[in-house]
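The tour goes from one selection to the next, with a short note on what is found at each stop.

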Amino acid sequence: MGSNAELVRRFSDAQQRSDPAVLMDLLADDVVWHVPGRNLLSRDYVGKAEVAVFWGRARELSGGTVRIELIEVLGGDTFGIALVRVFGEREGRSLGGQFQAFTYRIDNGKIAEFWFMVQDRYAVDAFWS
């Protein structure tokens, strides 16, 4: 049971270190990455290559300023959740520690599906629009 929480921790650590090899290794080949809202990044990304495109676009739009502060990790049999604060700067706008729950569905030790659950959908949309 704790292994899903451990996987989420490893993924979060790799995000903070910007370690694409570890990030890709932890994703299922047919991963589905759900990006909600109505902004430049909003859509479902299917497969590792599309998820890499999403990460690259987010980095490009934010000038590489997005960083995640991990608060807590929860893990169950099927899901893992990272409670985080997200910081970033873009065109004079700031995410300023937006509270989010990164929600992962884990299958066979790989991230099969991902959702962003956000504190303020409108603020996130405004930042990425």
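Begin by selecting Phe-116, which counts as buried because its relative accessible area is 18%, below the 20% cut-off used for this term. Keep in mind throughout that the model is predicted.

The rings of Phe-102 and Phe-116 form an edge-to-face aromatic pair, with 5.2 Å from centre to centre and 90 degrees between the planes. Since Phe-102 belongs to strand S7 and Phe-116 to strand S8 (residues 110–118), this pair ties together parts that lie 14 residues apart in sequence.

Next, colour the whole structure by its aromatic residues, among which a search finds 13 aromatic pairs. Select Phe-11 and Tyr-104 from these: the ring centres are 5.6 Å apart and the planes stand at 70 degrees, so this pair is edge-to-face. Phe-11 is found in helix H1 (residues 2–17), whereas Tyr-104 is in strand S7 (residues 98–107), and the pair therefore ties together parts that are 93 residues apart in sequence. Both Phe-11 and Tyr-104 are buried.

Now widen the selection to Trp-33, Tyr-45, Phe-54, Trp-55 and Phe-114, which, together with Phe-11, Phe-102, Tyr-104 and Phe-116, form one aromatic cluster.

For the last stop, select Arg-67 and Phe-87, where the charged end of Arg-67 sits over the ring of Phe-87, at 4.2 Å from the ring centre.

Methods
Residues numbered from 1 in each chain as written. Predicted model: local features only at pLDDT ≥ 70, side-chain atom pairs only at ≥ 80, totals over all residues. Heavy atoms only, no water. Phe/Tyr/Trp six-rings, centres within 6.5 Å; stacked < 30°, edge-to-face > 60°. Helix = DSSP H or I, 4+ residues; strand = E, 2+ residues; numbered from the N terminus. Buried < 20%, exposed > 50% of the residue type's maximum accessible area, 1.4 Å probe, protein only. Lys NZ or Arg CZ within 6 Å of the ring centre and 35° of its normal.
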